[in-house]
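Let's go through this fold by asking and answering a few things about its sheets, its aromatic rings and one of its pockets.

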Amino acid sequence: MDYPIVHPPLPGHTIRVAPGILWLRMPLPFALNHINLWLIEDGAGWAVVDTGVPDQESRRLWQGVFAGPMGGRPLSRLVVTHFHPDHMGLASWLERQFGIVMEATQAEWLYGRMLSLDTSESFVEASRRFYQGTGFGEDLLAIVTERGNAYGARIKHVPTHCRRLRDGSLLDMGGRRWRVMVGEGHAPELACLWCEDLNVLISSDQILPSISPNVSVWPSEPEADPLRQFLESLKRFRELPGDCLVLPSHGRPFVGLHERIDALLAHHRDRLDETLEACAQPMTAFDLQAIMFRRPLDSHQVFFAIGESLAHLHYLAAEGQIIRETDAKGVHRFRRC
(Lines give C-alpha, C1' and ligand atoms only; values in the text may rest on other atoms or scores of the structure.)
Protein backbone atom coordinates (compact mmCIF):
# COMPACT_ATOMS: atom_id res chain seq x y z
CA MET A 1 0.00 0.00 0.00
CA ASP A 2 1.13 3.51 -0.84
CA TYR A 3 0.11 6.74 0.91
CA PRO A 4 0.56 9.57 -1.60
CA ILE A 5 -0.12 12.30 1.00
CA VAL A 6 2.08 12.09 4.08
CA HIS A 7 0.46 14.64 6.36
CA PRO A 8 -3.32 15.07 6.78
CA PRO A 9 -4.93 18.52 6.85
CA LEU A 10 -5.44 20.23 10.18
CA PRO A 11 -9.03 20.25 11.49
CA GLY A 12 -11.12 22.57 9.36
CA HIS A 13 -8.45 22.81 6.65
CA THR A 14 -8.27 21.11 3.26
CA ILE A 15 -5.79 19.44 0.90
CA ARG A 16 -6.45 18.81 -2.79
CA VAL A 17 -6.19 15.04 -3.37
CA ALA A 18 -7.44 14.75 -6.96
CA PRO A 19 -8.78 17.12 -9.62
CA GLY A 20 -11.75 18.92 -8.08
CA ILE A 21 -11.61 17.04 -4.75
CA LEU A 22 -10.62 18.53 -1.39
CA TRP A 23 -9.84 16.47 1.73
CA LEU A 24 -11.43 18.09 4.79
CA ARG A 25 -10.75 16.71 8.25
CA MET A 26 -13.00 17.27 11.28
CA PRO A 27 -12.34 16.31 14.94
CA LEU A 28 -14.27 13.63 16.83
CA PRO A 29 -14.72 13.33 20.62
CA PHE A 30 -13.80 9.62 20.60
CA ALA A 31 -10.66 7.50 20.74
CA LEU A 32 -10.85 7.58 16.92
CA ASN A 33 -10.40 11.33 16.92
CA HIS A 34 -11.12 12.44 13.36
CA ILE A 35 -13.29 11.93 10.31
CA ASN A 36 -12.38 12.68 6.69
CA LEU A 37 -14.95 14.54 4.63
CA TRP A 38 -14.73 15.16 0.89
CA LEU A 39 -15.60 18.35 -0.96
CA ILE A 40 -16.14 17.93 -4.71
CA GLU A 41 -16.28 20.94 -7.03
CA ASP A 42 -19.75 20.95 -8.58
CA GLY A 43 -20.20 23.75 -11.07
CA ALA A 44 -20.91 26.96 -9.18
CA GLY A 45 -21.01 25.09 -5.86
CA TRP A 46 -19.62 22.16 -3.93
CA ALA A 47 -20.87 18.67 -3.21
CA VAL A 48 -19.89 17.28 0.19
CA VAL A 49 -19.65 13.66 1.29
CA ASP A 50 -20.49 13.23 5.01
CA THR A 51 -20.78 15.89 7.69
CA GLY A 52 -19.02 15.41 11.05
CA VAL A 53 -20.68 15.29 14.46
CA PRO A 54 -23.23 17.87 15.67
CA ASP A 55 -21.15 19.81 18.18
CA GLN A 56 -20.21 23.48 18.40
CA GLU A 57 -16.59 22.90 17.38
CA SER A 58 -17.58 21.19 14.14
CA ARG A 59 -20.07 23.95 13.34
CA ARG A 60 -17.41 26.58 14.00
CA LEU A 61 -14.92 24.82 11.74
CA TRP A 62 -17.54 24.46 9.02
CA GLN A 63 -18.17 28.22 9.11
CA GLY A 64 -14.48 28.73 8.41
CA VAL A 65 -14.64 26.25 5.51
CA PHE A 66 -17.61 28.08 3.98
CA ALA A 67 -15.64 31.33 3.88
CA GLY A 68 -12.20 29.80 3.25
CA PRO A 69 -11.66 26.67 1.12
CA MET A 70 -15.16 26.85 -0.39
CA GLY A 71 -14.55 30.46 -1.39
CA GLY A 72 -18.07 31.55 -0.51
CA ARG A 73 -19.56 29.13 -3.03
CA PRO A 74 -22.57 27.20 -1.67
CA LEU A 75 -23.04 23.52 -1.05
CA SER A 76 -25.00 22.21 -4.04
CA ARG A 77 -25.54 18.67 -2.73
CA LEU A 78 -25.05 16.62 0.41
CA VAL A 79 -24.24 12.91 0.17
CA VAL A 80 -24.22 10.91 3.41
CA THR A 81 -22.64 7.45 3.28
CA HIS A 82 -24.32 6.01 6.38
CA PHE A 83 -26.24 6.85 9.55
CA HIS A 84 -23.43 6.91 12.13
CA PRO A 85 -23.13 10.19 14.08
CA ASP A 86 -19.84 11.30 12.52
CA HIS A 87 -21.30 10.87 9.03
CA MET A 88 -24.93 12.02 9.35
CA GLY A 89 -24.78 14.14 12.50
CA LEU A 90 -24.75 17.58 10.86
CA ALA A 91 -26.92 16.72 7.86
CA SER A 92 -29.98 18.68 9.04
CA TRP A 93 -27.82 21.70 9.92
CA LEU A 94 -26.14 21.73 6.49
CA GLU A 95 -29.51 21.31 4.79
CA ARG A 96 -30.79 24.41 6.57
CA GLN A 97 -27.66 26.40 5.77
CA PHE A 98 -27.93 25.85 2.01
CA GLY A 99 -31.49 24.73 1.25
CA ILE A 100 -30.40 21.34 -0.05
CA VAL A 101 -31.69 17.79 0.50
CA MET A 102 -29.61 14.96 1.94
CA GLU A 103 -28.89 12.05 -0.38
CA ALA A 104 -28.52 8.63 1.26
CA THR A 105 -29.57 5.03 0.86
CA GLN A 106 -32.99 4.30 2.25
CA ALA A 107 -31.84 1.94 5.00
CA GLU A 108 -29.29 4.44 6.34
CA TRP A 109 -31.76 7.33 6.38
CA LEU A 110 -34.51 5.27 8.01
CA TYR A 111 -32.15 3.75 10.60
CA GLY A 112 -30.81 7.14 11.61
CA ARG A 113 -34.27 8.68 11.65
CA MET A 114 -35.67 5.83 13.77
CA LEU A 115 -32.85 5.95 16.32
CA SER A 116 -32.98 9.73 16.62
CA LEU A 117 -36.69 9.58 17.56
CA ASP A 118 -36.89 6.46 19.75
CA THR A 119 -37.45 7.48 23.38
CA SER A 120 -39.43 4.39 24.37
CA GLU A 121 -38.84 2.40 27.55
CA SER A 122 -38.87 -0.74 25.44
CA PHE A 123 -35.63 0.42 23.80
CA VAL A 124 -33.76 0.15 27.12
CA GLU A 125 -35.53 -3.08 28.05
CA ALA A 126 -34.52 -4.69 24.75
CA SER A 127 -30.95 -3.46 25.18
CA ARG A 128 -30.69 -4.85 28.72
CA ARG A 129 -32.07 -8.21 27.59
CA PHE A 130 -29.65 -8.32 24.68
CA TYR A 131 -26.54 -7.46 26.72
CA GLN A 132 -27.55 -9.78 29.54
CA GLY A 133 -27.53 -12.51 26.91
CA THR A 134 -23.93 -11.62 26.01
CA GLY A 135 -22.81 -12.17 29.61
CA PHE A 136 -22.84 -8.63 31.00
CA GLY A 137 -22.85 -8.45 34.80
CA GLU A 138 -24.93 -6.01 36.83
CA ASP A 139 -22.25 -3.30 36.69
CA LEU A 140 -22.28 -3.22 32.89
CA LEU A 141 -26.06 -3.60 32.70
CA ALA A 142 -26.30 -0.46 34.82
CA ILE A 143 -24.29 1.34 32.12
CA VAL A 144 -26.71 0.00 29.49
CA THR A 145 -29.60 1.57 31.44
CA GLU A 146 -27.73 4.83 31.91
CA ARG A 147 -26.78 5.04 28.22
CA GLY A 148 -30.33 4.50 27.05
CA ASN A 149 -30.51 5.42 23.38
CA ALA A 150 -26.96 6.75 22.97
CA TYR A 151 -27.55 7.63 19.32
CA GLY A 152 -30.71 9.62 20.07
CA ALA A 153 -28.95 11.44 22.90
CA ARG A 154 -26.27 12.65 20.49
CA ILE A 155 -28.23 13.04 17.24
CA LYS A 156 -31.44 15.00 17.82
CA HIS A 157 -32.15 15.89 14.22
CA VAL A 158 -32.02 13.56 11.22
CA PRO A 159 -33.57 14.99 8.03
CA THR A 160 -37.29 14.36 7.66
CA HIS A 161 -36.82 13.35 4.03
CA CYS A 162 -34.01 12.48 1.65
CA ARG A 163 -33.17 11.76 -1.96
CA ARG A 164 -32.72 8.00 -2.16
CA LEU A 165 -29.50 6.40 -3.40
CA ARG A 166 -29.43 2.78 -4.56
CA ASP A 167 -26.63 0.40 -5.42
CA GLY A 168 -25.66 1.38 -8.96
CA SER A 169 -27.13 4.91 -8.77
CA LEU A 170 -25.19 7.39 -10.94
CA LEU A 171 -24.43 10.86 -9.61
CA ASP A 172 -23.15 13.74 -11.74
CA MET A 173 -20.82 15.85 -9.63
CA GLY A 174 -18.52 18.37 -11.24
CA GLY A 175 -19.30 17.00 -14.69
CA ARG A 176 -18.04 13.54 -13.74
CA ARG A 177 -20.04 10.39 -13.16
CA TRP A 178 -19.92 8.74 -9.74
CA ARG A 179 -21.43 5.28 -9.19
CA VAL A 180 -22.86 4.21 -5.84
CA MET A 181 -21.48 0.90 -4.56
CA VAL A 182 -23.25 -0.42 -1.46
CA GLY A 183 -21.29 -2.14 1.28
CA GLU A 184 -22.81 -4.03 4.21
CA GLY A 185 -21.81 -5.22 7.67
CA HIS A 186 -20.49 -2.03 9.22
CA ALA A 187 -23.83 -0.38 8.47
CA PRO A 188 -27.01 -1.68 6.81
CA GLU A 189 -26.60 -0.09 3.36
CA LEU A 190 -23.41 1.99 3.31
CA ALA A 191 -22.84 4.03 0.13
CA CYS A 192 -19.36 4.16 -1.36
CA LEU A 193 -18.73 6.31 -4.45
CA TRP A 194 -16.64 5.28 -7.48
CA CYS A 195 -15.48 7.67 -10.23
CA GLU A 196 -13.91 5.87 -13.18
CA ASP A 197 -12.76 9.12 -14.83
CA LEU A 198 -10.67 10.03 -11.79
CA ASN A 199 -9.85 6.45 -10.74
CA VAL A 200 -11.04 7.42 -7.24
CA LEU A 201 -13.08 5.45 -4.70
CA ILE A 202 -14.65 7.22 -1.71
CA SER A 203 -14.77 4.16 0.55
CA SER A 204 -16.29 5.68 3.71
CA ASP A 205 -15.86 3.19 6.60
CA GLN A 206 -16.19 0.10 4.40
CA ILE A 207 -12.48 -0.02 3.53
CA LEU A 208 -10.08 1.69 5.92
CA PRO A 209 -6.29 1.70 5.49
CA SER A 210 -5.04 0.45 8.84
CA ILE A 211 -7.96 -0.80 10.92
CA SER A 212 -10.97 -2.96 10.24
CA PRO A 213 -14.29 -1.12 10.55
CA ASN A 214 -16.40 -2.25 13.44
CA VAL A 215 -18.69 -5.10 12.36
CA SER A 216 -21.15 -5.72 15.18
CA VAL A 217 -24.40 -7.35 16.21
CA TRP A 218 -26.66 -4.78 17.89
CA PRO A 219 -29.81 -5.06 20.05
CA SER A 220 -32.01 -3.87 17.18
CA GLU A 221 -31.17 -7.03 15.18
CA PRO A 222 -30.00 -9.59 17.75
CA GLU A 223 -29.86 -12.59 15.38
CA ALA A 224 -27.94 -10.82 12.60
CA ASP A 225 -24.88 -12.16 10.77
CA PRO A 226 -23.16 -8.87 9.81
CA LEU A 227 -19.67 -10.35 9.38
CA ARG A 228 -20.91 -12.53 6.53
CA GLN A 229 -22.49 -9.47 4.91
CA PHE A 230 -19.28 -7.49 5.33
CA LEU A 231 -16.99 -10.15 3.87
CA GLU A 232 -19.27 -10.85 0.91
CA SER A 233 -19.80 -7.20 0.01
CA LEU A 234 -16.08 -6.49 0.44
CA LYS A 235 -15.29 -8.91 -2.39
CA ARG A 236 -17.36 -6.81 -4.81
CA PHE A 237 -14.79 -4.03 -4.66
CA ARG A 238 -12.21 -6.28 -6.36
CA GLU A 239 -13.80 -5.29 -9.68
CA LEU A 240 -12.23 -1.84 -9.30
CA PRO A 241 -8.67 -1.15 -10.46
CA GLY A 242 -6.03 -2.04 -7.89
CA ASP A 243 -4.24 1.27 -8.50
CA CYS A 244 -7.23 3.51 -7.76
CA LEU A 245 -6.94 6.21 -5.11
CA VAL A 246 -9.00 5.22 -2.07
CA LEU A 247 -10.43 8.02 0.07
CA PRO A 248 -11.42 6.53 3.47
CA SER A 249 -13.32 8.16 6.32
CA HIS A 250 -10.48 7.55 8.78
CA GLY A 251 -6.74 7.46 8.20
CA ARG A 252 -5.00 8.66 5.04
CA PRO A 253 -5.85 8.23 1.35
CA PHE A 254 -4.06 5.24 -0.11
CA VAL A 255 -3.34 3.22 -3.23
CA GLY A 256 -3.48 -0.57 -2.89
CA LEU A 257 -7.17 -1.48 -2.85
CA HIS A 258 -6.75 -5.18 -3.63
CA GLU A 259 -3.99 -5.59 -1.05
CA ARG A 260 -6.18 -3.94 1.57
CA ILE A 261 -9.15 -6.16 0.74
CA ASP A 262 -6.90 -9.22 1.06
CA ALA A 263 -5.63 -7.97 4.43
CA LEU A 264 -9.15 -7.40 5.77
CA LEU A 265 -10.29 -10.85 4.66
CA ALA A 266 -7.21 -12.45 6.24
CA HIS A 267 -7.71 -10.48 9.47
CA HIS A 268 -11.24 -11.80 9.92
CA ARG A 269 -10.23 -15.34 8.97
CA ASP A 270 -7.66 -15.17 11.78
CA ARG A 271 -10.30 -13.82 14.16
CA LEU A 272 -12.68 -16.62 13.20
CA ASP A 273 -9.96 -19.21 13.83
CA GLU A 274 -9.28 -17.60 17.20
CA THR A 275 -12.99 -17.66 18.04
CA LEU A 276 -13.38 -21.31 17.06
CA GLU A 277 -10.40 -22.28 19.20
CA ALA A 278 -11.79 -20.33 22.17
CA CYS A 279 -15.10 -22.18 21.87
CA ALA A 280 -13.45 -25.46 22.81
CA GLN A 281 -15.13 -24.58 26.11
CA PRO A 282 -18.49 -22.77 26.48
CA MET A 283 -17.93 -19.11 25.75
CA THR A 284 -20.15 -16.02 26.14
CA ALA A 285 -19.59 -12.98 23.94
CA PHE A 286 -18.29 -11.22 27.05
CA ASP A 287 -15.77 -14.01 27.61
CA LEU A 288 -14.67 -13.81 24.00
CA GLN A 289 -14.19 -10.06 23.88
CA ALA A 290 -11.54 -10.34 26.60
CA ILE A 291 -9.65 -12.71 24.25
CA MET A 292 -10.18 -10.72 21.05
CA PHE A 293 -9.53 -7.29 22.60
CA ARG A 294 -6.66 -7.58 25.06
CA ARG A 295 -6.15 -3.84 25.53
CA PRO A 296 -8.11 -1.86 28.15
CA LEU A 297 -11.49 -0.67 26.84
CA ASP A 298 -13.48 2.33 27.98
CA SER A 299 -17.26 2.14 28.48
CA HIS A 300 -17.81 3.38 24.91
CA GLN A 301 -15.48 0.85 23.30
CA VAL A 302 -16.75 -2.18 25.22
CA PHE A 303 -20.06 -2.09 23.33
CA PHE A 304 -18.24 -2.23 20.00
CA ALA A 305 -16.04 -5.06 21.28
CA ILE A 306 -19.02 -7.11 22.45
CA GLY A 307 -20.86 -6.54 19.18
CA GLU A 308 -17.85 -7.59 17.12
CA SER A 309 -17.23 -10.68 19.26
CA LEU A 310 -20.85 -11.68 18.77
CA ALA A 311 -20.55 -11.14 15.01
CA HIS A 312 -17.77 -13.72 14.84
CA LEU A 313 -19.76 -16.15 16.98
CA HIS A 314 -22.85 -15.77 14.80
CA TYR A 315 -20.80 -16.38 11.64
CA LEU A 316 -19.43 -19.66 12.99
CA ALA A 317 -22.85 -20.71 14.31
CA ALA A 318 -24.36 -20.18 10.86
CA GLU A 319 -21.56 -22.33 9.42
CA GLY A 320 -22.51 -25.13 11.84
CA GLN A 321 -19.10 -25.08 13.53
CA ILE A 322 -20.40 -24.01 16.94
CA ILE A 323 -23.76 -24.18 18.69
CA ARG A 324 -25.48 -21.73 21.01
CA GLU A 325 -26.95 -22.81 24.34
CA THR A 326 -29.04 -20.55 26.56
CA ASP A 327 -29.30 -20.89 30.33
CA ALA A 328 -32.22 -20.06 32.61
CA LYS A 329 -31.07 -16.42 32.93
CA GLY A 330 -31.04 -15.94 29.17
CA VAL A 331 -27.23 -15.97 28.88
CA HIS A 332 -25.98 -17.42 25.60
CA ARG A 333 -22.89 -19.64 25.53
CA PHE A 334 -21.28 -20.96 22.37
CA ARG A 335 -19.24 -24.14 22.06
CA ARG A 336 -17.68 -26.20 19.31
CA CYS A 337 -19.81 -28.98 17.88
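Rings of Phe, Tyr and Trp (its six-membered ring) count as a pair if their centres lie within 6.5 Å, and planes over 60 degrees apart make the pair edge-to-face. Keep in mind that this is a predicted model.

Q: How many aromatic pairs does a search of the whole structure find?
A: A pair of aromatic rings is described by the distance of the centres and the angle of the planes. Running the search over the whole structure gives a count of 13 aromatic pairs.

Q: Is the aromatic pair of Phe66 and Phe98 stacked or edge-to-face?
A: The ring centres of Phe66 and Phe98 are 5.0 Å apart, with 85° between the planes. Planes over 60 degrees apart put a pair in one class. That makes Phe66 and Phe98 edge-to-face.

Q: How many residues apart in sequence are the parts that the Phe66 and Phe98 pair ties together?
A: Phe66 belongs to helix H1 (residues 56-67), while Phe98 belongs to helix H3.

Q: Which strands stand at the edges of the open sheet of seven strands, and why is one side of each left without a neighbour?
A: The order of this sheet is S1-S2-S3-S4-S5-S6-S7, with mixed pairing. An edge strand has a single partner, so one of its sides has no neighbour in the sheet. The strands in that position are S1 (14-18) and S7 (163-165).

Q: Which residue in the turn of the S1 and S2 hairpin has a positive phi?
A: S1 and S2 (residues 21-27) run antiparallel and are joined by four bridges. Across them, Arg16 faces Leu22, and Ile15 faces Trp23. The hairpin leaves two residues between the strands, and the one in the turn with a positive phi, about 80°, is Gly20.

Q: What angle does the direction of helix H3 make with that of S5?
A: Helix H3 (residues 91-98) packs on the seven-stranded sheet, where it touches S5 (75-79) and S6 (102-105). Helix H4 (residues 106-117) lies across S6 and S7, at about 105° to S6. For H3 and S5, the angle is about 160°.

Q: In S12, which residue is the bridge partner of Ile202?
A: The open sheet of six strands runs S8-S9-S10-S11-S12-S13. Within it, S11 (residues 200-204) and S12 (residues 245-248) pair in the parallel sense over four bridges. The partner of Ile202 in S12 is Leu247.

Q: Which element gives the most to the lining of the second largest pocket?
A: This pocket has a volume of about 170 Å³, and 13 residues line it, with Arg129, Phe130, Pro222, Glu223 and His332 nearest its centre. Two or more lining residues come from each of H5 (121-134), H11 (301-318) and S15 (332-336). The element giving the most, with five residues, is H5.

Terms used. Residues are numbered from 1 along each chain as its sequence is written. This is a predicted model: local features need pLDDT of at least 70, side-chain atom pairs count only at pLDDT 80 or more; totals for chains, interfaces and linings use all residues. Side-chain values use heavy atoms; hydrogens and water are left out. On a 1 Å grid over the protein atoms alone, a cavity is a set of points where a 1.4 Å probe fits but cannot get out, and a pocket is an open set with protein on both sides within 12 Å along at least five of seven lines; lining residues have an atom within 4 Å of a point. Grid points are joined across faces, edges and corners, and a volume is the space filled by probe spheres set on the points. Two strands pair if DSSP finds at least two bridges between them. Contact means heavy atoms within 4.5 Å. Axes are lines fitted to C-alpha atoms, for helices over the stretch in contact, and angles run from 0 to 180 degrees between N-to-C directions. Rings of Phe, Tyr and Trp (its six-membered ring) pair if their centres lie within 6.5 Å; planes under 30 degrees apart count as stacked, over 60 as edge-to-face and the rest as tilted.
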